[in-house]
Amino acid sequence: MTHVVTESCIRCKYTDCVDVCPVDCFREGPNMLVIDPDECIDCAVCIPECPVNAIYAEEDVPADQVAFIKINAELTHAAGWKSITKRKPALPDAEEWKDKTDKLKELVK
C-alpha cells in the first residue's frame with residue numbers, strides 16, 4: 001500500500017510532511033505535492049504532519065477523493081514534478097485556501 005495526497009493540498013502546498021519522510025517519496029508541482037506510490041514505504045509518519053489533513057493511507061482515502069490515487073501516481077512522473085526533500089514555505093495564499101473544498105479545478109499539472 002501507499003499513501004495519497006488529496007485535494008486539501010491544492011493551493012496550499014504545506015511541506016511539513018517532506019521533512020519526516022524517510023524515503024523522499026514526495027514530488028512537488030506548482031501548487032500541490034504528491035506521493036510516489038513506488039517509493040512510499042507506508043510508514044504513515046507524514047499523516048500527522050499535514051496541517052490540512054490532506055494525506056491518507058490508500059485504503060482510507062475518502063470516497064470523494066479516490067481520484068487522487070491515480071492523480072498521485074500520474075503526477076509523480078509528470079514533467080516538472082521533482083523530488084522534494086526539505087521543507088519550504090507554503091504558498092503565499094495557503095491560509096486563504098486551506099479550508100476550501102472542491103479545489104481539483106485549481107490543480108496546476
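The model is predicted, so local features need pLDDT of at least 70 and side-chain atom pairs count only at pLDDT 80 or more, while totals for chains, interfaces and linings use all residues. Residues are numbered from 1 along each chain as its sequence is written, and side-chain values use heavy atoms, with hydrogens and water left out.

**The whole chain**

Display the entire chain as a cartoon. Three helices and five strands make up its secondary structure; helices (H or I, at least four residues) and strands (E, at least two) are DSSP runs, numbered from the N terminus. Their order along the sequence is β-α-β-β-β-α-β-α. Buried residues account for 42% of the 109 residues. Here, buried means under 20% relative accessible area, exposed means over 50%, and partly exposed lies in between (1.4 Å probe, protein chains only).

**Helix α2**

Select residues 67–75, which form helix α2. Which residues of α2 are buried? They are F68, I71, N72 and L75. These residues lie on the same side of α2, because they cover an arc of only 100 degrees around the axis; the arc is that of the directions from the helix axis to the C-beta atoms. An α-helix has 3.6 residues a turn, so residues three or four places apart point the same way. Show β1 (3–5) and β3 (33–35) next, as both are included in what covers the buried residues of α2.

Now centre the view on N72, which is buried at a relative accessible area of 2%. Leaving aside neighbours within four places in sequence, N72 is in contact (heavy atoms within 4.5 Å) with V4, V5, V34 and I35. A polar atom of the N72 side chain lies 2.8 Å from the backbone oxygen of V5.

**Charged pairs**

Side chains of opposite charge can pair when their charged atoms come close. The structure holds ten salt bridges, each a side-chain nitrogen of Lys or Arg within 4 Å of a carboxyl oxygen of Asp or Glu.

Select R11 and D93, whose side chains meet in a salt bridge (3.0 Å, N to O). R11 lies in the loop between β1 and α1 (16–20) and D93 in the loop between β5 (82–83) and α3 (94–97), so the pair ties together parts 82 residues apart in sequence.

Finally, select E28 and K13, which form a salt bridge with their closest N and O atoms 2.9 Å apart. E28 belongs to strand β2 (residues 26–28), and K13 to the loop between β1 and α1. E28 is buried at 16%, and K13 is buried at 8% relative accessibility.

Methods. A polar contact is a pair of N or O atoms within 3.5 Å; within protein, one must be able to donate a hydrogen and the other to accept it, and residues adjacent in sequence count only if both atoms are side-chain atoms.
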